[in-house]
Structures are given as C-alpha cells and as structure tokens.
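I opened this model to see how its chain is laid out. My notes follow in the order I looked things up.

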Amino acid sequence: MQALSIAASGMLAAADRLSASAQRVAAGEQQAEKNAESRDVDYVKERVEQIGASTDFKANAAVVRTADQMTGALLDMKV
C-alpha cells in the first residue's frame, strides 16, 4: 500500500532530522567546553526543529495506524 511506504519514509526523515539536531546540540556543547565564549548553536532553533521532527513523526505514525486499520477492515470484508 502506498500510504504505508510514504508514511514510513516520513518517519525516517523525521528521525533523521531529530538525530541531526541532537548532534548539532552535542557538538555545540563540546565546543562550548573548549571555548567558553564561543557558541555557534542556536538552542531555540534546534529545540523548535526537534519539536517539529517529533510532531512529523507522530503524524506519520498516525497514518501508518490508519492504513493498517483500513487494510484490516478490507480483509475482514473479504473473508
């Protein structure tokens, strides 16, 4: 079913966005430990990115659940 593959792709993309944001924050913390005055990471922007990725992941998970329920209902009709 096409909806499942699209939603799964969206979930992977959201997970990648979350991971990349977390890596940027971690790298910024390491840099801040070395240079107390140098911080290149915008923590507000990164938190917004993380919230957006989480919301995208949840929305795609809801699509997967709905597609699964629809497939189950269709199979129940045919039996």
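**Buried positions in H1**

I began with burial: in H1, Ala7, Gly10, Ala14, Ser21, Gly28 and Ala32 are buried. Buried here means under 20% relative accessible area, exposed over 50%, and partly exposed in between, with a 1.4 Å probe and protein chains only. The model is predicted, so I note the limits: local features need pLDDT of at least 70, side-chain atom pairs count only at pLDDT 80 or more, and totals for chains, interfaces and linings use all residues. Residues are numbered from 1 along each chain as its sequence is written, and side-chain values use heavy atoms, with hydrogens and water left out.

**Helices**

I counted two helices and zero strands in the protein. Both kinds are DSSP runs numbered from the N terminus: helices are H or I with at least four residues, strands E with at least two.

**Ser21 and Gln50**

I looked up Ser21 in helix H1. Ser21 counts as buried because its relative accessibility is 0%. Beyond residues up to four places away in sequence, Ser21 touches Glu46, Glu49 and Gln50. Contact means heavy atoms within 4.5 Å.

I then went to Gln50, which lies in helix H2 (residues 43–78). Gln50 has 16% relative accessibility, so it counts as buried. Leaving aside neighbours within four places in sequence, Gln50 is in contact with Leu18, Ser21, Ala22 and Val25.

**Gly28**

Gly28 is also in helix H1. With a relative accessible area of 3%, Gly28 is buried. Which residues does Gly28 touch, not counting those up to four places away in sequence? I found Val41 and Tyr43. The C-alpha atoms of Gly28 and Tyr43 are separated by 9.1 Å, and the two residues are 15 apart along the chain.

**Whole chain**

I checked the overall shape last. The C-alpha trace spans about 70 × 15 × 15 Å along its principal axes. Of the 79 residues, 18% count as buried. Among contacts with a separation of 6 or more, 71% come from residues 24 or more positions apart.
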